[in-house]
Amino acid sequence: MPERHINSLLTELESRSRRVANERSVSFKIDHEDLVRLKALAEVYGLSVDEVTACLLHQVLAEVEEKMPYRAGTRVIRVEDDEPVYEDIGPTPRYLEAKRRFEQECA
């Protein structure tokens, strides 16, 4: 087996090992139609429903974090390029604080 294949294999094994070490089991109820969609995706891609669900949830959460709205408050927190930057009074600061708290609790 060529060296690049071995390196690729080792990289994939290391990545999978990190993912498995961070996985947690959860249980929740979903709509029947969503379950049908998950089963169909799992079949098409040869994965388990759990794997597809985890993958979708991971991607959706990343996108939600990315798109969380900034809402400018009235307090200036810094100046960049001679322009005031106002505190964020939207959901992002509360979300980030809750996320930090849960990361510490779950560590």
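Here is a short walk from the whole chain down to single residues.

This is a predicted model, so a few ground rules apply: local features need pLDDT of at least 70, side-chain atom pairs count only at pLDDT 80 or more, and totals for chains, interfaces and linings use all residues. Residues are numbered from 1 along each chain as its sequence is written, and side-chain values use heavy atoms, with hydrogens and water left out.

**Whole chain.** Show the cartoon first. You'll find four helices and two strands, in the order α-α-α-β-β-α from the N terminus. Helices here are DSSP runs of H or I with at least four residues, strands are runs of E with at least two, and both are numbered from the N terminus. Now switch to the C-alpha trace: along its principal axes it spans about 60 × 45 × 30 Å. The chain has a radius of gyration of 21 Å, whereas a compact globule of 107 residues would be near 13 Å. That radius is taken over C-alpha atoms, and the globule rule is 2.2 Å times the number of residues to the power 0.38. Buried residues make up 8% of the 107; buried means under 20% relative accessible area, exposed over 50% and partly exposed in between, using a 1.4 Å probe and protein chains only.

**Helices α2 and α3.** Select residues 32–45 for α2 and 49–67 for α3. How do they pack? Their axes are 8 Å apart, at an angle of about 105°. Axes are lines fitted to C-alpha atoms, for helices over the stretch in contact, and angles run from 0 to 180 degrees between N-to-C directions. The two helices are therefore roughly perpendicular, a label for angles of 65 to 115 degrees. Next, show side chains: Leu38, Lys39, Leu41 and Ala42 in α2 meet Val49, Val52, Thr53 and Leu56 in α3, where contact means heavy atoms within 4.5 Å.

Move on to β1 (residues 72–80) and β2 (residues 83–88), which pair in the antiparallel sense over five bridges. Pairing requires DSSP to find at least two bridges between the strands. Zoom in on Glu80, which stands opposite Glu83 in β2. Two residues separate the strands of this hairpin, and Asp81 in the turn has a positive phi of about 50°.

**Last stop: Leu96.** Select helix α4 (residues 91–106) and pick out Leu96. Is Leu96 buried or partly exposed? Leu96 is partly exposed, because its relative accessible area is 36%. Finish with a distance to Asn7: the two C-alpha atoms are separated by 36 Å, with the residues 89 apart along the chain.

Conventions. Parallel < 35°, antiparallel > 145°, perpendicular 65-115°, else oblique.
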